[in-house]
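Thanks for coming, everyone. Let me put the structure on the screen and walk you through a few parts of it.

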Amino acid sequence: MGYHCVYFQTMGDERGKLIALENNKNIPFAIKRVYYIFDTSPDKPRGGHAHTELEQIIIAMDGSCDFILDDGFKKEIITLNRPDMGLYIGKNIWREMCNFSYGCKLVILANDFYNEAEYIRDYKKFLNVVRDNDDMII
């Protein structure tokens, strides 16, 4: 499957908690880019794209939001709302983010640098790519 939840080992005591994120251990790729999303509006969805090559792990460091994930054949909603769980999203998965709580903060780990050319921002084109038929009319 092109997406799944990843649970991170938490260490800690009465002083607090710690999670270590390590390339090719609990993160299934070498991290080349880290970015974060904050000051989101609960009524403003984000995303609306897929990546042809990029792999990501998304973690809700604070607050929550829903991810609507679509592999071209079925859709699933996954809620991110805890910092010890990440959402792995592989290539060719359409994602939309919505229902942000106030103060939601997401951190994203990616296996490559930003490259606009590998984004698919048109849903019909996405369906053609994942269904492997560029001549298909939707």
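How exposed is R82? This is a predicted model, so the answer is computed from it. R82 has a relative accessible area of 34%, and that makes it partly exposed, because the band for that label lies between 20% and 50%.

Now look at its partner. R82 forms a salt bridge with D84. The closest N and O atoms are 2.6 Å apart.

How many salt bridges does a search of the whole structure find? Six. Let me show you two others. K74 and E76 join through their side chains, at 3.9 Å from N to O. K74 is partly exposed, at 38% relative accessibility. E76 is partly exposed too, with a relative accessible area of 30%. Then go to E116 and R121. Their salt bridge has its closest N and O atoms 2.9 Å apart. E116 counts as partly exposed at 36%. For R121 the relative accessible area is 46%, again partly exposed.

Next, the strands. Start with β9, residues 85-89. Is β9 enclosed or open to the outside? Five of its five residues are buried, so β9 is largely enclosed by the rest of the structure. Check the side chains. M85, L87 and I89 point one way. G86 and Y88 point the other way. Buried, every one of them.

What pairs with β9? One partner is β1, residues 3-7. The two run antiparallel, with five bridges between them. Y7 has M85 as its bridge partner in β9.

Another partner is β6. Here four bridges make the link, and the strands are antiparallel. I58 has L87 as its bridge partner. I59 stands opposite G86.

Stay with β6, residues 56-62. Five of its seven residues are buried, so β6 is also largely enclosed by the rest of the structure. β6 pairs with β11 as well, residues 105-110. That pairing is antiparallel and has six bridges. Find I59 again: in β11, V107 stands opposite I59.

Now a sheet. Which order do its five strands take? Read it as β8-β7-β10-β5-β12. The sheet is open, and the pairing is antiparallel. At the edges stand β8, residues 75-80, and β12, residues 119-120. Each has a single partner strand, so one side of each is left without a neighbour in the sheet.

Inside that order, take β7 and β10. β7 covers residues 65-70. Five bridges join β7 to β10 in the antiparallel sense. One example is D70, whose bridge partner in β10 is W94.

Last stop, the largest pocket. How much space lies in it? About 240 Å³. Lining the largest pocket are 17 residues. Closest to the centre are Y35, I37, R46, H49 and M97.

Which strands supply the lining? β4, β5, β6 and β10 each give at least two residues. β5 and β10 came up in the five-strand order. For your notes, β4 is residues 33-37, β5 is 46-51 and β10 is 94-98.

And what kinds of residue line the pocket? Nine are nonpolar, four are polar and four are charged.

That's the tour. Over to you.

Notes. Residues are numbered from 1 along each chain as its sequence is written. This is a predicted model: local features need pLDDT of at least 70, side-chain atom pairs count only at pLDDT 80 or more; totals for chains, interfaces and linings use all residues. Side-chain values use heavy atoms; hydrogens and water are left out. On a 1 Å grid over the protein atoms alone, a cavity is a set of points where a 1.4 Å probe fits but cannot get out, and a pocket is an open set with protein on both sides within 12 Å along at least five of seven lines; lining residues have an atom within 4 Å of a point. Grid points are joined across faces, edges and corners, and a volume is the space filled by probe spheres set on the points. Ala, Val, Leu, Ile, Met, Phe, Trp, Tyr, Cys and Pro count as nonpolar, Asp, Glu, Lys and Arg as charged, and the others, Gly among them, as polar. A salt bridge is a side-chain nitrogen of Lys or Arg within 4 Å of a carboxyl oxygen of Asp or Glu. Buried means under 20% relative accessible area, exposed over 50%, partly exposed in between (1.4 Å probe, protein chains only). Two strands pair if DSSP finds at least two bridges between them.
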